[in-house]
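Me: Hi! Could you walk me through this structure with me?

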Amino acid sequence: MKVFNMELNYQFSNMIIWLLVMIILLGVFLAIYPTFQKEEMKVILDNGVEALPETVKDIILPQGVDGLHNIYEYSANILMLLSFFIAIFAISTALNSVSREQGFGTIDYLYSNPISRTEIIISKFLAIIINYLVFILLMFGALIGMIMFLEKQSDIMGIFLNLSDIVIGFLVFGFVFISIGFLISSILKTTRANSTIAFLIVLISIILPVLRYFKIVKVSETISNMVSPLTVYNPINIINTGLAIKTTIIYLIFGIVALILSLIIYNNKDLEV
């Protein structure tokens, strides 16, 4: 419990900073929404979007201009853009969790307490998962408040139900990136390159589907989805087709396997105390 509390306290301030940045970005983008509903703006948008190449249009506005005139589809477009940064937040918190102790020289403090390596890993993993859960719930809570303000609605539950599948999608892809980050963190001995590693992993997960879309590389859709949680849980795709249940189960199994591997690696790792 002591390690859990220490990790939760350490991650909390970082989470608040990320949360404030995401809420500000949501607020800025949603502040523009009423402008898009004016008739003269609709004409400008229609002409602008029609002038775009089909491939570009399918990536940035797969639902066409209509996606800018429905508050939920518009919000989904915003969340699609922000998902890249949220994935970096998820994986970076995990990357810093285990390797930080040895890199900062605090591993001796942990081992001075009667606690096993397994308990250290599980406590840190649970703390990071809870930290991310709070982050997502607060961010979507802010989004719901903004939608209520813009649409003059008071049906909180109705708005939440419209966004619930997207919330689940964000929780699952966050779990996947946290699991990957945790596995890598159990191997590393320093936090020196963690920010770069986090950025590259998230970037690679996006690049492959894009290359496949433009037919630059030939890989199956299944393989593309497996390496790209952000594509599977694209909020626009979720609105159109719902959650990919089978893929979600595979991702959850992957996360559990990654945690088990982290335990095995960390328990057999030579640590400099």
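Predicted model: local features only at pLDDT ≥ 70, side-chain atom pairs only at ≥ 80, totals over all residues.

Me: Is S75 buried or exposed?
Reply: S75 counts as buried because its relative accessibility is 0%, and the cut-off for buried is under 20%.

Me: What is S75 in contact with, leaving aside neighbours within four places in sequence?
Reply: With those neighbours left aside, S75 is in contact with L30, L143 and I147. L30 is one of the buried residues of α1.

Me: Let's stay with α1. How far apart are its end C-alpha atoms?
Reply: They are 51 Å apart. That agrees with expectation, because 35 residues (2-36) at 1.5 Å a residue should span 51 Å.

Me: And where is the kink in α1 centred?
Reply: The kink is centred on F12 and amounts to about 30°.

Me: Which other α1 residues are buried?
Reply: Besides L30, the buried ones include V3, F4, E7, Q11, M15 and L19.

Me: E7 has a charge. What does its side chain meet in a salt bridge?
Reply: The side chain of E7 meets that of K124, at 2.6 Å from N to O. K124 lies in helix α6 (residues 117-151) and E7 in helix α1, so the pair ties together parts that are 117 residues apart in sequence. Both K124 and E7 are buried.

Me: How many salt bridges does the structure hold?
Reply: It holds one.

Me: New topic: the largest nonpolar core. Which residues touch the most other members?
Reply: Those are I86, Y132, F135, M139 and F170, out of 66 residues in that core. Among the elements that give two or more residues to this core are α1, α4, α6, α7 and α8 (194-213).

Me: Which element gives the most to this core?
Reply: That's α4, with 18 residues.

Me: What does F170 contact, leaving aside neighbours within four places in sequence?
Reply: F170 is in contact with L79, S83, I86, Y132, I136, M139, F140, Y233 and P235.

Me: One more serine, S186. Where does it lie?
Reply: S186 lies in helix α7, residues 156-187. S186 is buried, with a relative accessible area of 0%.

Me: What does the side chain of S186 have at 2.6 Å?
Reply: A polar atom of the S186 side chain lies 2.6 Å from the backbone oxygen of L183.

Me: And what does S186 touch, not counting residues up to four places away in sequence?
Reply: S186 touches V98, S262, I265, Y266 and K269.

How values were computed: Residues numbered from 1 in each chain as written. Heavy atoms only, no water. Buried < 20%, exposed > 50% of the residue type's maximum accessible area, 1.4 Å probe, protein only. Contact = heavy atoms within 4.5 Å. Helix = DSSP H or I, 4+ residues; strand = E, 2+ residues; numbered from the N terminus. Polar contact = N/O pair within 3.5 Å; in protein donor to acceptor, adjacent residues only side chain to side chain. Expected span 1.5 Å × (residues − 1). Bend = angle between axes of the 7 residues up to and from the residue. Salt bridge = Lys/Arg side-chain N within 4 Å of Asp/Glu carboxyl O. Core = buried A, V, L, I, M, F, W, Y, C linked by side-chain atoms within 4.5 Å.
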